[in-house]
Amino acid sequence: MSDDIPSISSGAVGSRFVTQSEIDTAKARRDEQWKAAYARLGQEPPPQPQEDSYDGRSLAEKLAANRAAKQEEWEEKTKLANQFRALEEDEIMFLDSVRERQEEEERERKERDGKELKSFREAVASKVVVKSPPPVEPPSKPVTSTKTAAPSAPAKKSVKNSLKGVVVKKKPKSAVDTKDKKDDESPPDPKRRKISGAGS
């Protein structure tokens with residue numbers, strides 16, 4: 001009976017199978033060829049990748065292990081998120097009191113800065129007033145309203161009378177006289193008045 005059963009290694013079916021020893025010899029031959037090729041180039045061959053060792057587990061066991069590894073990874077990621085908790089009432093009250101105190105300090109600082117800024121501006125303004133006294137307007141300027149125009153003529157005469165004996169240069173005197181004549185003839189112009197005030 002044993003003669004009736006054909007061997008796997010013999011016949012057409014047996015020629016399709018390869019033994020482990022044949023695989024090892026083919027692999028060793030291929031490694032030798034790679035080493036020889038790199039030796040001709042003068043380089044060192046790269047390290048050979050390690051083949052996966054045989055895992056005798058069933059597919060169901062491998063999938064279960066992969067699923068458990070993914071579950072652990074997900075739990076590790078969400079562990080940090082689970083560490084936070086809601087604040088308790090006394091913690092909320094403490095944080096509110098800290099925030100209110102900071103707001104109060106900020107408001108006091110702004111008020112103090114405002115007062116210092118105001119006092120600084122007043123000091124600067126007082127220094128400006130002391131340094132430059134208000135400009136005295138010459139009496140030769142015309143008055144803008146028609147009611148006060150009549151009294152301005154005697155004022156000019158009184159100024160002229162009070163300046164008797166004062167020596168005035170000829171050019172400025174003629175310029176002042178021509179300005180007086182023009183101002184008497186035409187209505188006052190605010191721009192001209194500023195210019196004439198700056199010139200005197």
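A contact here means heavy atoms within 4.5 Å. In this predicted model, residues 24 or more positions apart account for 42% of the protein chain's contacts with a separation of 6 or more. The chain contains seven helices and zero strands, and buried residues make up 4% of its 200 residues.

**Overall surface**
- The accessible surface of the protein chain is about 18,900 Å², and carbon and sulfur atoms contribute 58% of that area.
- A nonpolar surface patch is formed by L87, I92, F94 and L95, which together have about 380 Å² of accessible area.

**Helix α2**
- G42 follows α2 and has a positive phi, near 80°.

**Salt bridges**
- The whole structure holds eight salt bridges.
- In helix α3, K79 and E76 are three residues apart, about one helical turn, and their side chains form a salt bridge with an N to O distance of 3.8 Å.
- K79 counts as partly exposed because its relative accessibility is 45%.
- In helix α4, E103 and R99 lie four residues apart, and their closest N and O atoms are 3.4 Å apart in a salt bridge.
- R107 and E104, three residues apart in α4, form a salt bridge at 2.0 Å, N to O; R107 is partly exposed at 43% relative accessible area, as is E104 at 32%.
- Salt bridges with shared partners link D96, R99 and E103 into one network.

Terms used
Residues are numbered from 1 along each chain as its sequence is written. This is a predicted model: local features need pLDDT of at least 70, side-chain atom pairs count only at pLDDT 80 or more; totals for chains, interfaces and linings use all residues. Side-chain values use heavy atoms; hydrogens and water are left out. Helices (H or I, at least four residues) and strands (E, at least two) are DSSP runs, numbered from the N terminus. Patches are made of residues with over 30% relative accessible area and no salt bridge: like charges are joined within 9 Å, nonpolar side chains (Val, Leu, Ile, Met, Phe, Trp, Tyr) within 5 Å. Accessible areas come from the Shrake-Rupley method with a 1.4 Å probe; for residues, only the protein chains shown count as cover. A salt bridge is a side-chain nitrogen of Lys or Arg within 4 Å of a carboxyl oxygen of Asp or Glu. Buried means under 20% relative accessible area, exposed over 50%, partly exposed in between (1.4 Å probe, protein chains only).
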